[in-house]
Amino acid sequence: MSRSKRAAVVAAVIALLIVGIMMISLNTGSFRLSPYAVARTLVGLGNADERLVLFEYRMPRMLVAMLAGLGLGVAGAILQGLSRNSLADPGVIGLNAGAAFGLIAFMSFFPSLEGLPSLFIPLFTFGGGLLAAGIVVLLAYERNKGVLPMQLLLIGIAVSAGFSALTLFFSLRLDEDTYAFAARWLAGTIWGRDWIHVAALVPWIAVLVPFTITRSKSLDAFAFGDEIAIGIGTSLHRNRLVLLGVAVALSCASVSMAGGIGFIGLIAPQLARRLVGPMHRHLLPVSGLVGMAVLAAADTIGRSLFQPIAIPAGVVVASISAPYFLYVLKKTKSI
């Protein structure tokens with residue numbers, strides 16, 4: 001079987017898995033909806049209570065989780081391709097910490113997170129992430145060599161710690177309700193539960209994910225090293241900065257509505273690489289689908305495992321991914 005056919009089969013299987021997770025997610029909660037009731041309501045045959053629960057509460061949250069997982073999976077694949085390091089992740093190099101700082105800045109201007117002001121949240125988180133990425137790139141840049149991939153990761157960890165400290169400091173100055181929300185966001189709670197939050201996230205994903213796939217050959221070239229990439233005609237520094245900016249935008253827009261989710265950008269590309277190989281025209285979409293499935297499943301598990309107490313999706317993802325991160329780190333050291 002060719003790589004393209006294998007990638008198509010894998011993508012179809014993951015898509016079916018996502019549909020199954022979606023049906024379970026829409027049935028999860030204090031108000032039970034059977035799969036038949038969900039299907040009936042989706043085609044407009046449900047009663048008023050079923051339509052209210054499905055379309056006003058569960059559907060927007062599920063779509064936010066899926067879109068955010070897609071964005072984080074693709075962002076992680078970009079960062080791992082740029083750095084040639086399987087440990088690269090938006091959280092590891094400080095993008096999530098920068099986004100959290102941007103969210104705190106947003107809350108200083110807009111006390112309410114509902115309605116039209118929520119459309120500006122991704123802009124603020126993107127600004128915070130871009131600031132963090134700018135600092136990382138500036139410190140990781142060397143004349144005549146450009147941005148050094150390994151320096152990018154090491155400096156990113158330090159910048160992440162710095163922004164996390166700043167975010168904690170400014171969050172302590174907020175009122176009790178806003179601070180409680182910030183704490184839930186940092187724990188990875190998917191808080192975007194209205195259609196306005198879906199609308200705020202859709203343009204970022206709809207534009208940047210297809211754009212990234214069109215740049216898959218540039219990411220393939222980075223895998224051969226900088227000198228070979230330049231030798232085969234790749235505009236190394238410009239492509240690296242453009243793709244880094246796309247990764248920042250995707251990850252920051254995703255966490256703006258889904259909370260400080262970590263590790264999806266780490267595990268989704270790695271699982272995708274095992275399934276479809278290293279070519280980015282296959283790796284990028286499958287990474288997005290894996291991220292979508294993981295975050296949707298984590299949110300469903302968190303809401304259903306200890307009802308009526310909900311566990312943040314970020315906690316569920318971290319509890320599974322942290323041991324895997326340590327495994328990959330140990331394996332990387334032993335090579």
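Modeller: Just after helix α12, G277 takes a positive phi of about 90 degrees. Before we go on, two notes. This is a predicted model, where local features need pLDDT of at least 70, side-chain atom pairs count only at pLDDT 80 or more, and totals for chains, interfaces and linings use all residues. Residues are numbered from 1 along each chain as its sequence is written, and side-chain values use heavy atoms, with hydrogens and water left out.

Biologist: What makes a run of residues a helix or a strand?

Modeller: Both are DSSP runs, numbered from the N terminus: helices are H or I with at least four residues, strands are E with at least two. The chain has 14 helices and two strands.

Biologist: What is the span of α3, and where is its kink?

Modeller: Helix α3 (residues 48–83) has 36 residues and reaches 51 Å, close to the expected 52 Å. Its kink, of about 40 degrees, lies at R58, shortly before the proline P60. The bend is the angle between axes fitted to the seven residues ending at a residue and the seven starting there. After α3 comes R84, with a positive phi near 55 degrees.

Biologist: Why is S160 called buried?

Modeller: Buried means under 20% relative accessible area, exposed over 50%, and partly exposed in between (1.4 Å probe, protein chains only). S160 has 14%, so it is buried. It lies in helix α6 (residues 149–171). Leaving aside neighbours within four places in sequence, S160 is in contact (heavy atoms within 4.5 Å) with G91, V92, G94 and A97.

Biologist: What about T125, and which backbone oxygen lies 3.1 Å from a polar atom of its side chain?

Modeller: T125 sits in helix α5 (residues 121–140). Its relative accessible area is 0%, so T125 is buried. The backbone oxygen belongs to C252. C252 is also among the residues in contact with T125, including G98 and S256.

Biologist: How many aromatic pairs are there, and why is the pair of F101 and F163 edge-to-face?

Modeller: There are six. Rings of Phe, Tyr and Trp (its six-membered ring) pair if their centres lie within 6.5 Å; planes under 30 degrees apart are stacked, over 60 edge-to-face, and the rest tilted. For F101 and F163 the centres are 5.6 Å apart and the planes are at 70 degrees, so the pair is edge-to-face. The pair links distant parts of the chain: F101 is in helix α4 (residues 95–109), F163 in helix α6, 62 residues apart.

Biologist: Are F101 and F163 buried, exposed or partly exposed?

Modeller: F101 has 22%, so it is partly exposed. F163 has 6%, so F163 is buried.

Definitions and conventions. Expected span 1.5 Å × (residues − 1). Polar contact = N/O pair within 3.5 Å; in protein donor to acceptor, adjacent residues only side chain to side chain.
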